[in-house]
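Me: I am new to this structure and would like to go through it by question and answer. Please show it before we start.

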Amino acid sequence: MQQNNFFPINCDANATFGVSSELVQELAAEAGSWGNPSSIHQSGQRARGIVEEAREIVRSTVGAGHRDTVVWTSGATEANNLIIRGFARLARHSVIVTSPFEHPSVIEVARQVGEQSGWSCRLIPARGHELDLDSLGEIVEGAGVISVMLANNETGYIYPIAELVQAVRRIAPGALIHVDAVQGIGRIPVKMADWGVDAVTLSGHKLGAFPGVGAAIIRAGIVVDGELLGGNQESGMRAGTQPVPAIHSLHRALSRFEEMGGVAGRAARMAANRAAFLEGLGPDIGVLTVPPALPTVPNTASIRFPGVSADYLVVAADLHGVLISSGSACSSGTQRPSPVLITAGLSEQEARETIRVSVTDSCDVENFWRAGQIVAECAGRLCRMVKSAQAEKSPFEER
Ligand code: PLP
């Protein structure tokens, strides 16, 4: 079996993108500027400068308006909670609508808001990997809050946000609309203002920043109640000292990404890396679960290896220096097959045979080809092991 000399190769970037060593070195030199942004001395004001500049670049990254509010949070989970619970308090109608494909930090919050407030929580029906937009009329009628993701974290499928928002504005004009854009940002254009949505969520560690920072970007004029009691940071919407090192790293990661050709440049590099992985895998092994005719973010592929346990394959690939995942990072390790894949129509067995490959935009395309080859070899070996185990007769069967 081939060994990988450059490991680990991150083909699990949707779990976390990883921080480049250049960025760590660059930031280490500036660690002295990480004061408390609420302090009035110079160190505090330097930190405030970093935090405010970073808000600007986040606005431009998600296509927000100049006056839209960027609220720093600890990550996207907190941002989703803040927005959905906050919007539910502001909404004029007691119906919350989301999709069955959402991350748990959306779907569980929507369910809880429904249960605790006596609201009805409705799910837009699925049609395979897609949303059934034909049934939108009856689902969205009377909605107060709507939350739909931009790109799926497990399959990479891109939901038609512009079309969806247009339809929702016609059917439920007063609804507050939120888009969890975590897996779309930096991979495809994000157009908060053009879409006309009220809030967008971002996660720093999915973009090459340190973990510990996320953002709720909320349309100017909307003020949500904070979830935490404490100081008056973030215009009262999120108490607590801002995570300055993580915010600084996000600023640098987004600036670097602009210097390297922005979304188009990054998407092209990701697409090349994903294509190299699939080529390394070979033509006859693995089945793409999302039909190629459907749009996906350029870095993600959901691949099924019939007869091979995805969990075993993750471990085998890891031993050879390739990071992949079975389902999403937050649900892997659970016994349940992926609800996203089951909703899309896969059987439990098929879902358990499916891995997620999500590449970075690093320039070593050959490494991704090699990663594909390693995964193919691991899958082949596991498949042979299963077949030979099945061929051996169990002593119980002989009785
Ligand atoms: N939303 C989506 C679509 C995600 O993929 C994730 C993480 O995988 C989250 C939200 C939560 O992000 P965080 O890890 O920043 O809390």
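Me: Which domains is the protein divided into, and how many Å separate their centres?

Reply: This is a predicted model. The protein is divided into domain 1, made of 9-19 + 262-387, and domain 2, made of 34-259. Taken over C-alpha atoms, the separation of the two centres is 27 Å.

Me: How many residues does the contact take from domain 1 and from domain 2?

Reply: The two parts in question are domain 1 (9-19 + 262-387) and domain 2 (34-259). Domain 2 puts 30 residues into the contact, and the number from domain 1 is 32.

Me: How many salt bridges and how many residue pairs in polar contact are counted between domain 1 and domain 2?

Reply: Between domain 1 and domain 2 the count of salt bridges is zero. For polar contact, with both residues at pLDDT 80 or more, the count is 14 residue pairs.

Me: Which element gives the most to the side of domain 1 that touches domain 2?

Reply: Helix H9 (262-281), strand S12 (300-304) and H11 are the elements that give two or more residues to this side. The residues of this side divide into 17 nonpolar, 13 polar and two charged. With five residues, the element that gives the most is H9.

Me: Is Ser326 buried or exposed, and which side chain does its own side chain make a polar contact with?

Reply: Ser326 lies in the loop between strand S13 (322-323) and helix H11 (339-343). Its relative accessibility is 13%, and buried means under 20%, so Ser326 counts as buried. At 2.7 Å, the side chain of Ser326 makes a polar contact with the side chain of Asp311.

Me: Where is Val224, and is it buried or exposed?

Reply: Val224 is placed in the loop between strand S10 (214-218) and helix H8 (244-259). Leaving aside neighbours within four places in sequence, Val224 is in contact with Leu82, Gly86, Phe87, Leu90, Ile218 and Met237. Its relative accessible area is 2%, so Val224 is buried.

How values were computed: Residues are numbered from 1 along each chain as its sequence is written. This is a predicted model: local features need pLDDT of at least 70, side-chain atom pairs count only at pLDDT 80 or more; totals for chains, interfaces and linings use all residues. Side-chain values use heavy atoms; hydrogens and water are left out. Helices (H or I, at least four residues) and strands (E, at least two) are DSSP runs, numbered from the N terminus. Buried means under 20% relative accessible area, exposed over 50%, partly exposed in between (1.4 Å probe, protein chains only). A polar contact is a pair of N or O atoms within 3.5 Å; within protein, one must be able to donate a hydrogen and the other to accept it, and residues adjacent in sequence count only if both atoms are side-chain atoms. Domain bounds come from an automatic or database domain assignment. Contact means heavy atoms within 4.5 Å. A salt bridge is a side-chain nitrogen of Lys or Arg within 4 Å of a carboxyl oxygen of Asp or Glu. Ala, Val, Leu, Ile, Met, Phe, Trp, Tyr, Cys and Pro count as nonpolar, Asp, Glu, Lys and Arg as charged, and the others, Gly among them, as polar.
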